[in-house]
Amino acid sequence: MELGYSSESSKLHNDLIKLEKDFPEYSGYFSAVKFLGNEAVHGSNIGKSDLLDSMEVLLHTLELFDKKVVKQRLSELARNLEKKYDRKRKSIS
């Protein structure tokens with residue numbers, strides 16, 4: 001939901017397809033973690049190395065959230081600078 005995905009009627013699989021379409025550099029990462037989660041719930045074939053690998057994948061995919069926050073902050077800072085200095089430039093003319 002943080003990135004604007006998922007809804008009450010949506011399935012996780014469909015949300016992952018949307019995410020991978022919008023963020024192709026992360027293609028397959030979300031699904032890999034989902035498959036491991038499914039195996040953890042419904043199976044018993046998960047080893048310690050699989051869990052560690054999935055945590056590493058998940059850690060890097062969570063960068064999307066950081067990027068969104070940073071992008072919003074940079075946009076805000078840039079707007080403020082533009083307003084401040086554009087106003088001064090207009091008053092000089």
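Helices here are DSSP runs of H or I with at least four residues, numbered from the N terminus. This is a predicted model, where local features need pLDDT of at least 70, side-chain atom pairs count only at pLDDT 80 or more, and totals for chains, interfaces and linings use all residues. Residues are numbered from 1 along each chain as its sequence is written, and side-chain values use heavy atoms, with hydrogens and water left out.

**The one salt bridge**
- Searching the whole structure turns up one salt bridge (a side-chain nitrogen of Lys or Arg within 4 Å of a carboxyl oxygen of Asp or Glu).
- It joins the side chains of Arg73 and Glu76, at 3.5 Å from N to O.
- Glu76 and Arg73 sit three residues apart in helix H4 (residues 63-92), so about one helical turn separates them.
- Glu76 is partly exposed at 36% relative accessible area, and Arg73 is also partly exposed, at 43% (buried is under 20%, exposed over 50%, partly exposed in between, with a 1.4 Å probe and protein chains only).

**Lys34, buried without a partner**
- Lys34 lies in helix H2 and is buried, yet has no salt bridge.
- The nearest side chain of opposite charge to Lys34 is Glu20, 9.1 Å away (Lys and Arg count as positive, Asp and Glu as negative; His and the chain ends are not counted).
- Setting aside neighbours within four places in sequence, Lys34 is in contact with Leu12, His13 and Leu16 (heavy atoms within 4.5 Å).

**Where H1 meets H2**
- On the H1 side are Leu12, His13, Leu16, Leu19 and Glu20, and they meet Tyr29, Phe30, Ser31 and Lys34 in H2.

Technical notes
Helix = DSSP H or I, 4+ residues; strand = E, 2+ residues; numbered from the N terminus.
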